Amino acid sequence: MAYFDGPGGSQAPRAVIDAVAGYLERSNANAGGAFASSRETDELLAAAHGAAADLVGAKPGEIAFGANMTTLNFLLSHAVARTCAPGDEIVVTQLDHDANVSPWFRAAEDRDLVVRVAPIRAGDGTLDHDALEALIGERTRVVAFTLASNALGNVPDARRLAAAAHRVGALAWADGVHLAPHRRIDRDALGLDVVLCSPYKFFGPHLGLAAIRSELAERLPADRVRAASSEPPGHRFEAGTLNHEALAGTVAAIDYLAGLASGGGGGTDADEGAEPDTHGSRRRARLDSAYEAIRVHEESLAGRFLEQIPAISGLRLHGLADPGAVAERTPTFLIEIEGHPPREVAAALGRRGMFAWDGDFYAPAPLRLLGLGPEGGVRIGFLHYNAAAEVDALLEALAEIAAGRDAELAVAG
Ligand SMILES: Cc1ncc(COP(=O)(O)O)c(C=O)c1O
């Protein structure tokens, strides 16, 4: 099998699977008790907040876990809206996954806020930063943007957008879900107030996490049961019992990532490089180096793919296409094949053991603006566990499909 569906969800290494199962086998308990499995659970909660903080460059007390990114963003955007006055403004973008757009429209409805939508460029689908900056004004309270497009792979200039938000005292609110498996996210270097991620996109279990700057988290209203403790590692925005087994898997996923520091970024075996690591500055340094190895490997896969794509007649790539500019993007590509609906192409790839998504990827605006129909496109997403040989096999399969040499498609057509 070749997994090109990473932007929808990554495969988990053995260490993550073992951590999830191991927690349920040996430590399964609620937190705060006087017995061993509950104490282990307390330790796990602290370890998970510490690991997530290392991943995004925040403090452990600034991490809130939730069911997934979307649920957390609805919760947090409502909290922000409760601090806004009618007529205050939120800036969102056409590039974003709907999980960083709809929550703001919903919150705006409740509080009579105004949502302004920053455009992408019609040609290459990149965010128009100048146009976004022109939408920011005295009433702007939040600038919500993605750190990378999950549909097209382009990477906006987060530092610039955060600085523009801060010039008017607005919050810089970033969706880090798509970028997290590809690049180091350094919350402070980028100047973000909130960054949201989903561990299942970076080799962990299904879960969401948010890093919320402590000054902000403290002043936002949080819905909590009266009996809840506000002591760390629990966060004000974590209500009720968390998914402990997924937290165990998340710690293992972050240690897996850190373990790639010495082993390089290549290969198809997602288990390679998995080794437990210490937390804190050592893990942060290893994550720096691991992400550098990931970047080098993924850029070579992206370059290989982009160099060959123009040779496939009938295949159209949307978005940034320059093989020399792979540093400006993640290795996520939106394609169409003339005469074949995206679902057919994805099914034809699937029959060859190549897994890729079709549709709009919950990012309908960029697809519409780039002229794709209601069926969307096909998304090819590479991760560090993909190998060059898999990219070559994929290119061959796409060429066959485009040339009408796929037996089942030919019969159907
Ligand atoms: C860029 C991006 N943001 C947000 C989300 C939503 O994340 P979750 O599934 O954790 O709610 C996704 C999921 O595909 C995504 O790709």
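Me: Leaving out residues up to four places away in sequence, which residues does H244 touch?
Reply: In this predicted model, H244 touches Y23, T41 and L44 once residues up to four places away in sequence are set aside.

Me: And which helix does H244 lie in?
Reply: H244 lies in helix α9, which covers residues 244–263.

Me: Is H244 buried or exposed, and why?
Reply: H244 counts as buried because it has 21 C-beta neighbours inside 10 Å, and the cut-off for a buried residue is 20 or more.

Me: How many residues apart along the chain are H244 and L24, and what separates their C-alpha atoms?
Reply: H244 and L24 are 220 residues apart along the chain, while their C-alpha atoms are separated by 8.7 Å.

Me: Back to α9. What does α9 give to the largest nonpolar core?
Reply: The largest nonpolar core has 93 residues, and those with the most contacts inside it are V143, V194 and L257. Helix α9 gives the most to this core, with 12 residues.

Me: What is V194 in contact with, leaving aside neighbours within four places in sequence?
Reply: With those neighbours left aside, V194 is in contact with L76, L171, W173, A174, A210, A211 and I212.

Me: How many residues does the second, separate core have?
Reply: That second core has 38 residues, including L152, L301, W357 and L383.

Me: New topic: the ligand. How many residues surround it, and which are the closest?
Reply: The ligand is surrounded by 13 residues, and the closest are N68, M69, T70, N150 and S198. By class, this shell has four nonpolar, eight polar and one charged residues.

Me: What about the whole chain: how many helices and strands?
Reply: The chain has 14 helices and 13 strands. Of its 413 residues, 53% count as buried.

Me: What does the radius of gyration say about the chain?
Reply: The chain has a radius of gyration of 22 Å, which agrees with the value near 22 Å for a compact globule of 413 residues. Along its principal axes, the C-alpha trace spans about 65 × 50 × 35 Å.

Me: What share of the contacts with a separation of 6 or more comes from residues 24 or more positions apart?
Reply: Residues 24 or more positions apart account for 72% of those contacts.

Me: Last one: where does pLDDT stay under 50?
Reply: The pLDDT stays under 50 over residues 264–278, for which the model has 39 contacts beyond four places in sequence. The chain averages a pLDDT of 94, and 94% of the residues score at least 70.

Notes
Residues numbered from 1 in each chain as written. Predicted model: local features only at pLDDT ≥ 70, side-chain atom pairs only at ≥ 80, totals over all residues. pLDDT = per-residue confidence, 0-100. Contact = placed C-beta atoms within 7 Å. Helix = DSSP H or I, 4+ residues; strand = E, 2+ residues; numbered from the N terminus. Buried ≥ 20, exposed ≤ 12 C-beta atoms within 10 Å, placed from the backbone. Near = placed C-beta within 6 Å. Nonpolar A, V, L, I, M, F, W, Y, C, P; charged D, E, K, R; others polar. Core = buried A, V, L, I, M, F, W, Y, C linked by C-beta atoms within 7 Å. Rg over C-alpha atoms; globule rule 2.2 N^0.38 Å.
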